[in-house]
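I would be glad if it were read with the structure open alongside.

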Amino acid sequence: MEKILQVKNLELSFNTQGGEVKAIRGVNFDLNKGETLAIVGESGSGKSVTTKSIMRLLPESSAEFKNGEILFGGRDLTKLSDKEMQKIRGKEISMIFQDPMTSLNPTMPIGRQLTEPLLKHQKISKNEAKKVAIDLLRMVGMPKPELRMKQYPHQFSGGQRQRIVIAISLACNPKILIADEPTTALDVTIQAQILELMKDLQKKIDTSIIFITHDLGVVANVADRVAVMYGGKIVEIGTVDEIFYNPQHPYTWGLLSSMPSLDTEDAKLYAIPGTPPDLLDPPKGDAFALRSEYALKIDMEQNPPFFKVSDTHSAATWLLHPDAPQVEPPLTVIERMKKFPGSRYYEGGAV
Amino acid sequence: MAEKLLEIKNLKQYFNIGKANEVRAVDDISFDIYKGETLGLVGESGCGKSTTGRSIIRLYDATDGDVFYEGENVHGKKSKQDLKKFNRKMQMIFQDPYASLNQRMKVMDIIAEGIDIHGLAKNSTERKKMVYDLLETVGLNKEHANRYPHEFSGGQRQRLGIARALAVDPDFIIADEPISALDVSIQAQVVNLLKELQQEKGLTFLFIAHDLSMVKYISDRIGVMYFGKLVELAPAEELYNNPLHPYTQSLLSAIPLPDPNYERNRIRKSYDPAIHKYTEADDVRMREISPGHFVQCSEREFESIKSASVSK
Amino acid sequence: MTQKIDKIPELPKGSFERITLDAHQAERITKPSVSFWQDAWYRIRKNKGALFSIVLFGLIVIMAFLGPVISPYAPNAQTITHANLPPKIPVIEKLGILDGVGTLGGKEVDLYEMKNVEVNYWFGTDGLGRDMFSRVWKGTQVSLFIAFVAAAIDMLIGVIYGGISGYFGGRVDDFMQRVVEILTGIPNLVVVILFILIMDPGILAIIIALTITGWTGMSRVVRGQVLKYKSQEFVLAARTLGASDTRIIWKHLMPNVLGVIIINTMFTIPSAIFFEAFLSFIGLGLQAPDASLGTLINDGYALIQFAPHILAFPAILLSLIMIAFNLIGDGLRDALDPKMKD
């Protein structure tokens, strides 16, 4: 697998009035060519901040890289100047955001917004750019693209605007597309259409996608691999099957059990008690321990390192240490594990 | 046979009537809500589910139609006292945990507002006690009473909103997308709380949401809305296992579930209202296909759906 | 791929004991509670410019009352023989400034010596021999009084008008806004001049002139805020609880609109002072011998070549007051900015 992006030991803090907010506290992951990596987490987990750091979109006055590197195309993105980053943004790495209302400039016809990146990054004439733009609109499923080029964002629906945003982001065939909760604000049927579109385009353009979301259903639909973030760190990372059918971190268990499944019926939903940690003063041990019924004494003292579960699957929890006691995950998680060859609870004969 | 708590009959809520931008948010819907049940109301943006909730509780004056609460009409000419009576019986929980609490008021006063308006506490000691009890009921601490909303997380604020609604001891609560703005793990906290409260206090809920999995979990019956109309109404299990209206089928087929194998095999159905080919002559209304399962259809469609389900 | 550990870390015995946690602890809020106003005050304190301005303004107000009292001369008392004396302050004169020296016929002359004046006029005297010190402070008093009363009336009318218009909406709002538009359409100065012609020029006339159209700014701002807040969910929640309109307006809308009202008033005051000064400058303001900063500037303007001090002191004071209010207003706006916590 060719690695197209490598994030190593990334640490980033915000210098605020109240002090230093450690938004990212040591994040490691790679992005392979052609795959979709989903980053899952809740508010405050650091998932948006991580991707904005890759794009260097955070205000330089308050956001500070404390450690680590982001390797792309043989260069460390954390060390590049803004001018050099401008050559990368929109061309090599593109980003789409959650709110299609505010992602588009309301005072510019969408045709211009589409040709803008083309003209900036590529040496083509205005007419050629227009042609490419029309093709892009057609590619994202917009009917009558020639007419719509002259229209303004407010004349489109939410789903249509998101299609335009996707078209703009893919205009220069970027190597990486970062999608930050692109379907969260959309209705379920529109969401389904947009996800189908993205998967389709990914195959056509052969781009790698980092997909941020808090919706595990969407993750199951789009992801090849999944990274679960909590409190500024990745707590578990693996293939989509490994994460959904053989999760190892109590937070992942919590997330999976707090969603009703078709079998839940009347059983009480497992709810993770409490709230995410305050990153102004992060706990020195395992950040999730305070909310976990599986907490160990060591969780209060030291942050767990990553323990390998398979070549593609690791989790940062002391529960995977050889000396740790065997614990029983929540019932819904056990039900999932029953279907996964290689898990403790696998029923179904030999692996 | 369960008692009916609410009867909504031919409710219509139109905005900007007669003008070019007339919006028929709720367009002639009828359904009943039984005592002690949780009725889920789902649909996508613009379908009118929130407007329905707000019309029932009379935040809007209905354009037409009636809402009967225990036999009494909520709409129509009413005195201030009558309206106040309804305020004690029906309450609402809102979607936005940030905008639903007055930033300038202390939690104590926010929760006690209903108590103050209706004079439910004889003195300030009793008032305080009532607020503390309510805070405990929703899983928060007494100390929180002296704090301001901005000091709480989203999930905690939603619980404050629930405490506020409970302060007047209502029988019926409309929950208008109460968990949409919350993180997944916090949603479970709030949903569990609502279920607990329902058991303890015998509350009746109208649960408005667009997250279909959560709605199925919490509701006894579910109504599906599409552009101001109710297209299907059935017990929760029945709706999911046997959706009859093509829109419901399309909606359910679009939900992604946290199960990669299911996702790999899921095929989405799309819905086009034109397939019905309704004409002026068609009498399109809610018809009962099987006990408790209603679908909006014409006479023609009714026959075909009925025969299809019989042959199943 | 991910950070791999090479060696399983050795940990002390007992590290892997399971512990139970109190879920209630998870709900605790540890930071001290701070209300919106406390937080605003804290933020204002950190704004050096605003803080300095508040102090400065405080001093000016004190002097406005003390000034005429501590000066041995009444503001309107004339001593013709002491006319047009430059300022002379006992201690500072040793530094070479404010030492009673002015130019006369191109030469620097100690005018006090020349006119045989024994006493010190700290701010000098004007063309009629009146003590500038007490006049300037008396003028400040008058100007501030006019400005504050005008701002208060503006605020009252503006808040009520804008509040009603915004809260009731619909046709009431449409009608009320058309009225506002007509009022703002008429040139302000024309209205003022007409008024002053009808009434006798004086403090009352100026106040009425200032407020006759001045309230529209406040009403617009208040209406905007009320429109914004009245459809917010916490207001809807109050309505479903059975709150009356009065309760909603006072308990829910007003506290949220108050910030904007205060800020707007802070900016209304300097513009009122300036407008009064302007009116007096063009002769429509107070009549002699009454002093306001505007009339003093008007008087001083005529003698600017010979006795600049007559213009300088009121002008400096006017500028200081306006700058101070603008800085305070800016500081308040930053402090009360609702975006901070939401």
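Predicted model: local features only at pLDDT ≥ 70, side-chain atom pairs only at ≥ 80, totals over all residues.

1. For chain B, an unreviewed UniProt entry places the annotation "domain: ABC transporter" at residues 6–252. Within the model that span is 38% helix and 26% strand, and its end C-alpha atoms lie 28 Å apart.

2. Chain B contains an open sheet of 8 strands, in which the order is β6-β7-β8-β3-β9-β10-β12-β11 and the pairing is mixed. The edges are taken by β6 (90–93) and β11 (285–290) of chain B, and because each of these has a single partner strand, one side of each is left without a neighbour in the sheet. On average, and with direction ignored, neighbouring strands of this sheet are turned by 20° against each other.

3. Which residue of β7(B) is the bridge partner of Ile93(B)? The partner is Ala175(B).

4. Also in chain B, the axes of α5 (residues 154–166) and α6 (residues 184–201) come within 9 Å and cross at roughly 20°. Since angles under 35 degrees count as roughly parallel, α5(B) and α6(B) are therefore described as roughly parallel to each other, and their crossing is right-handed. From α5(B), the residues Gly154(B), Gly155(B), Gln158(B), Arg159(B) and Ile162(B) meet Ile186(B), Gln189(B), Val190(B) and Leu193(B) of α6(B). By class, the residues of this contact between α5(B) and α6(B) are 4 nonpolar, 4 polar and 1 charged.

5. In chain C, helix α4 (residues 132–168) and helix α10 (residues 293–302) have axes that come within 7 Å and cross at roughly 135°, and α4(C) and α10(C) are therefore oblique to each other. On the α4(C) side the contact involves Arg135(C), Val136(C), Gly139(C), Thr140(C) and Ser143(C), while α10(C) contributes Leu293(C), Gly294(C), Thr295(C) and Leu296(C). The residues of the contact of α4(C) with α10(C) comprise 3 nonpolar, 5 polar and 1 charged.

6. The unreviewed UniProt entry for chain C gives the feature "transmembrane region" at residues 50–70, 142–167, 179–197, 203–222, 257–286 and 306–329. Residues 50–70 of chain C are 100% helix and 0% strand in the model, with end C-alpha atoms 29 Å apart. For residues 179–197 of chain C the figures are 89% helix and 0% strand, with the end C-alpha atoms 24 Å apart.

7. Between chains C and B, 22 residues of chain C are in contact with 28 residues of chain B. On the chain C side, α8 (233–241) and α9 (245–281) each supply at least two residues, and the largest share, 8 residues, comes from α8(C). The chain C residues that touch chain B divide into 9 nonpolar, 7 polar and 6 charged.

8. Chain A also touches chain B, with 28 residues of chain A in contact with 28 residues of chain B. Here α8 (188–205), α9 (216–222), α10 (240–245) and α11 (250–257) of chain A each supply at least two residues of the chain A side, and α9(A) provides the largest share, 5 residues. The side of chain A that touches chain B holds 15 nonpolar, 9 polar and 4 charged residues.

Technical notes. Residues numbered from 1 in each chain as written. Chains lettered and ligands numbered in written order. Pairing = 2+ DSSP bridges. Helix = DSSP H or I, 4+ residues; strand = E, 2+ residues; numbered from the N terminus. Axes fitted to C-alpha atoms, helices over the stretch in contact; angles between N-to-C directions. Contact = placed C-beta atoms within 7 Å. Nonpolar A, V, L, I, M, F, W, Y, C, P; charged D, E, K, R; others polar. UniProt positions renumbered as here; feature names shortened; annotations may be inferred. Parallel < 35°, antiparallel > 145°, perpendicular 65-115°, else oblique. Left-handed = near helix turned anticlockwise from the far one by under 90°.
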